Amino acid sequence: PDDQRVEAGALLYTSAPLGLFLATFVTAEVAGDWFAHDPAMSWRYVLLFGLIPAGVAFVVRAFVREPERWTAATAHAAPARLREIFAPEIRARTASALIVTLVALITWWTCNAFLQALANSLAGAEAVTRGLDATGTAALKQEWIKLATTSFNWGGLIGTLLTIPIAKHLGRRKLFAVYFAGSALAVMLACGLDIPSETRLYLWFFIGLTVFGIFGCFPFYLPELYPTRLRSTGSGFCYNIGRVVTAGGVFAVGAIAQGAQGDPEVFLRTLFMIGFVPIVGLLLLHWVIETRGQKMPD
């Protein structure tokens, strides 16, 4: 049933912000406490903790069974191929999926990539204003990075859960309209207003609420677009192709950070411009397919 798909899908995605909370905690404990005296090595120990969830996932996967519906649909059919999701009868659904996922991923990735650099530069400028020494400056940077990250992740967790009532009562297309409009507004206000730096970091809660929260709808919206045999192929491709698109952004982030030389205004201008990406998504909503109340294709 439609309501159960929405609830199960959105609740499934709450693992993402919860995972980021745990990652923030591990980073703070390992790099900020246990190995604070050795920053050249601390990040390596942080990465080692990533082996724990990877090992758990490996064990859990051994006990996961394929759905009966998928098993029946693929029993006498050729393996799904990527080109099939661009077939004439499926092409419009793939376009719909790509519109929402690319807009969401580009916006989220940029905000997430610049989050720590922005908090770090704001804290550095604030430390100069307060006349702090090197130790005080380092402490303020860690405090503000934690503040910004926590605000962003809390917003993401709540935003993910809010996709459930919005999708059920307004539908998928209106859900995307709400989150894209909210994303543009949140990013532009947080990065464009002339406000105290610490207040700006608290506003990242609303960026998380919208920019991060929208991902709560993908575990139920993307599968609704495709027939059983192509469901994992279509969903997986459309969700992850945005990661390929943003991969080159790593070099852009490095170049911008190096050119900024600690000036927070450079990061704020860059992020403000990213606020136009979800506006593009709003303009493309005409081609986004509404799936509320529809039976999932066989």
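**Salt bridges and a helix pair in the predicted model**

Glu 224 is buried, its relative accessible area being 3%. In this predicted model, the partner of Glu 224 in a salt bridge is Arg 172, and the closest N and O atoms of the two residues are 2.6 Å apart. Because Arg 172 belongs to helix α8 (residues 172–192) and Glu 224 to helix α11, the pair ties together parts that are 52 residues apart in sequence.

A search of the whole structure finds three salt bridges, among them the pair of Arg 172 and Glu 224. A further salt bridge is formed by Glu 84 with Arg 229, for which the closest N and O atoms lie 2.8 Å apart. This pair links distant parts of the chain, since Glu 84 is placed in the loop between α5 (68–74) and α6, whereas Arg 229 is placed in the loop between α11 (218–225) and α12 (231–247), 145 residues apart. Glu 84 is partly exposed, with a relative accessible area of 22%.

The side chains of Arg 130 and Glu 126 likewise meet in a salt bridge, at 3.0 Å from N to O. Here both residues lie in helix α6, four residues apart, which corresponds to about one turn of the helix. Arg 130, at 45% relative accessibility, counts as partly exposed, and Glu 126, at 23%, is likewise assigned to the partly exposed class.

Helix α6 (residues 91–130) also takes part in a contact with helix α14 (residues 264–274), the axes of the two helices coming within 9 Å and crossing at roughly 155 degrees. The two helices are therefore roughly antiparallel, as the angle of roughly 155 degrees lies over the 145 degrees that this description requires. The crossing of α6 and α14 is left-handed. On the side of α6, the contact involves Thr 107, Thr 110, Cys 111, Phe 114, Ala 117, Leu 118, Ser 121, Leu 122 and Ala 125, which meet Pro 264, Phe 267, Leu 268, Thr 270, Leu 271 and Ile 274 in α14. Of the residues in this contact, 11 are nonpolar and four are polar, while no charged residue is present.

How values were computed: Residues numbered from 1 in each chain as written. Predicted model: local features only at pLDDT ≥ 70, side-chain atom pairs only at ≥ 80, totals over all residues. Heavy atoms only, no water. Axes fitted to C-alpha atoms, helices over the stretch in contact; angles between N-to-C directions. Parallel < 35°, antiparallel > 145°, perpendicular 65-115°, else oblique. Left-handed = near helix turned anticlockwise from the far one by under 90°. Contact = heavy atoms within 4.5 Å. Nonpolar A, V, L, I, M, F, W, Y, C, P; charged D, E, K, R; others polar. Salt bridge = Lys/Arg side-chain N within 4 Å of Asp/Glu carboxyl O. Buried < 20%, exposed > 50% of the residue type's maximum accessible area, 1.4 Å probe, protein only.
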